[in-house]
Amino acid sequence: EIDTTMRPIHGAVMAGNAIAFVAGLCGVFVMGSALAGDRRLVIAGYRAGEVVSARLVVLGAATALVVAVSALVTAANFSPANWPAFIVGLVLIGSMYAGIGALAGAVLDKLAATYLILFLAMTDLGIVQNPMFGDGTPDGWAVVLPGHGPSRVMVDGAFSDSFHASAELWLSFGWVVAIAVCVAVVLR
């Protein structure tokens, strides 16, 4: 049990919220704007896997930049107890929401996809998973949302020298793989 004020908790969880918003929007706009061009590349002779892989590399680079900037801004105002676990949580949040944004950008128009990402990120990470609300732990049904695992990894890294979120880490990896498979299938 950790006894702390809202300031350090806010410092820890806002990095994940910011990453979810921005990485999700990167997914929306990278994929949404590239679909017509990607189709033309496939018609011109490129394999669909090559085109999808190139697009995912661009999205991965954008997500890495978002995570790096967010971690640097966080470091200026908050020092997690376990930086590696904290960074892993941030990377997982960015990967998930970039993929969700890519899916939304591929199947919805840009405005609808943008609103979906904003709503999902705020609901999932900003309210349901946020330890500032309630007794500090999310409700039981929160585990079905994508942000549960990585937010638990992130909070564990923020406040504990040792790692206690192994199950949540594996849950996060499952979400990342499932979202990546969905993105690959939808974009092919």
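View 1. Leaving aside neighbours within four places in sequence, Gly157 is in contact (heavy atoms within 4.5 Å) with Pro80, Ala81, Asn82, Ala85 and Phe86. The model shown is predicted, so local features need pLDDT of at least 70 and side-chain atom pairs count only at pLDDT 80 or more, while totals for chains, interfaces and linings use all residues. Residues are numbered from 1 along each chain as its sequence is written, and side-chain values use heavy atoms, with hydrogens and water left out. The C-alpha atom of Gly157 is separated by 47 Å from that of Ile43, which is 114 residues away along the chain.

**View 2. Helix H5 along its length**. With 12 residues at 1.5 Å a residue, H5 should span 16 Å, and its end C-alpha atoms are 17 Å apart, which agrees; the expected span is 1.5 Å times one less than the number of residues. H5 is mostly covered, since 11 of its 12 residues are buried, among them His148, Arg152 and Asp156.

**View 3. The packing of helices H3 and H5**. Helix H3 (residues 83-107) and helix H5 (residues 148-159) pack at an angle of about 160 degrees, and their axes are 7 Å apart; these axes are lines fitted to C-alpha atoms over the stretch in contact, and angles run from 0 to 180 degrees between N-to-C directions. H3 and H5 are therefore roughly antiparallel to each other, the word used for angles over 145 degrees. On the H3 side, the residues that meet H5 include Ala85, Phe86, Ile93 and Met96, and on the H5 side they include Pro150, Met154 and Gly157. By class, this contact of H3 with H5 has 11 nonpolar, three polar and no charged residues, where Ala, Val, Leu, Ile, Met, Phe, Trp, Tyr, Cys and Pro count as nonpolar, Asp, Glu, Lys and Arg as charged, and the others, Gly among them, as polar.

**View 4. The packing of helices H3 and H4**. The axes of H3 and helix H4 (residues 110-128) come within 9 Å and cross at roughly 150 degrees. H3 and H4 are therefore roughly antiparallel to each other. Their contact is made by residues that include Tyr97, Ile100 and Ala104 of H3 together with Leu116, Leu120 and Asp124 of H4. The residues of this contact divide into 10 nonpolar, two polar and one charged.

**View 5. Asn17 and Cys26 in helix H1**. Asn17 has its place in helix H1 and is buried, with a relative accessible area of 7%. Leaving aside its neighbours within four places in sequence, Asn17 is in contact with Leu125 and Gly126. Cys26 is also found in helix H1, which covers residues 6-43, and, not counting residues up to four places away in sequence, Cys26 touches Met31, Leu59, Ala62 and Val66.

**View 6. Helix H2 along its length**. The 30 residues of helix H2 (residues 48-77) should span 44 Å at 1.5 Å a residue, and its end C-alpha atoms are 44 Å apart, which agrees. Among the buried residues of H2 are Leu59, Ala62 and Val66, each of which is touched by Cys26.

Terms used:
Helix = DSSP H or I, 4+ residues; strand = E, 2+ residues; numbered from the N terminus. Parallel < 35°, antiparallel > 145°, perpendicular 65-115°, else oblique. Buried < 20%, exposed > 50% of the residue type's maximum accessible area, 1.4 Å probe, protein only.
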